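The following paragraphs lead the reader through one protein chain, from its overall fold to selected elements. Please keep the sequence and the structure in view while reading.

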Amino acid sequence: MKVETARVYDDLGNRATRAVLVDRLWPRGLAKAHAPFSIWMKDIAPSTELRKWYGHAPERFEEFARRYREELGQSPAREALEDLRAQAGENDITLVTATKQVDLSAAAVLREILART
């Protein structure tokens, strides 16, 4: 199993992976008919409160990641994470996000979690 991350606006090319949107909000300016992913898992995304607190401030990333891991232990995120684990076990997957800094995003935290399982 291989887990990658990418921006939803990037050209994902001909990757032989299943692409999964892991954001709570639909990406701006992206028509659903042209979405480069097959699955949208909003329940796995950080809560609105956590997302707003973080605000993509790099100095808050470590605390954001810690809080996000806690959220992933609660329903419905826990069930969504189990579903994602099952999908990742069957296929290579690409976690896609609209975030500009993918390495400082929830997708990066999920990639780390999935890499350990």
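How many helices and strands does the chain have? In this predicted model, there are 4 helices and 4 strands. Read from the N terminus, these elements follow the order β-β-β-α-α-α-β-α. The radius of gyration is 13 Å, close to the 13 Å given by the globule rule for 117 residues, so the chain is as compact as a globular protein of that length. The C-alpha trace spans about 35 × 30 × 20 Å along its principal axes.

Several totals describe the chain further. Of its 117 residues, 40% count as buried. When contacts between residues at least 6 apart in sequence are considered, 62% of them join residues at least 24 apart. The accessible surface comes to about 6,600 Å², and carbon and sulfur atoms account for 47% of that area. As for charge, the chain carries 19 positive and 18 negative side chains. The centres of these two sets lie 4 Å apart.

Helix 4 may be considered next. To what extent is helix 4, residues 106-115, enclosed by the rest of the structure? A residue counts as buried when its relative accessible area is under 20%. By this criterion 7 of the 10 residues of helix 4 are buried, so the helix is largely enclosed by the rest of the structure. The buried positions are Ala-106, Ala-107, Ala-108, Val-109, Leu-110, Ile-113 and Leu-114. They pack against strand 1 (3-7), helix 2, helix 3 (77-90) and strand 4 (93-97).

Helix 2, one of these partners of helix 4, covers residues 61-71. Its buried residues are Phe-61, Phe-64, Ala-65 and Tyr-68. Viewed down the helix axis, these residues fall within an arc of 100°, so they line one face of helix 2. Their cover includes helix 1 (48-54) and helix 4.

Lys-42 is placed between strand 3 (39-40) and helix 1. Is Lys-42 buried, exposed or partly exposed? Its relative accessibility is 39%. Buried means under 20% and exposed means over 50%, with partly exposed in between, so Lys-42 counts as partly exposed. Apart from its neighbours within four places in sequence, Lys-42 is in contact with Asp-23 and Arg-24. The C-alpha atom of Lys-42 is separated by 15 Å from that of Gln-87, a residue 45 places away along the chain.

Terms used
Residues numbered from 1 in each chain as written. Predicted model: local features only at pLDDT ≥ 70, side-chain atom pairs only at ≥ 80, totals over all residues. Heavy atoms only, no water. Helix = DSSP H or I, 4+ residues; strand = E, 2+ residues; numbered from the N terminus. Rg over C-alpha atoms; globule rule 2.2 N^0.38 Å. Buried < 20%, exposed > 50% of the residue type's maximum accessible area, 1.4 Å probe, protein only. Contact = heavy atoms within 4.5 Å. Areas by Shrake-Rupley, 256 points an atom, 1.4 Å probe, with all protein chains shown as cover. Lys, Arg positive; Asp, Glu negative; His and termini not counted. Charge placed at Lys NZ, Arg CZ, Asp CG, Glu CD. Arc of directions from axis to C-beta.
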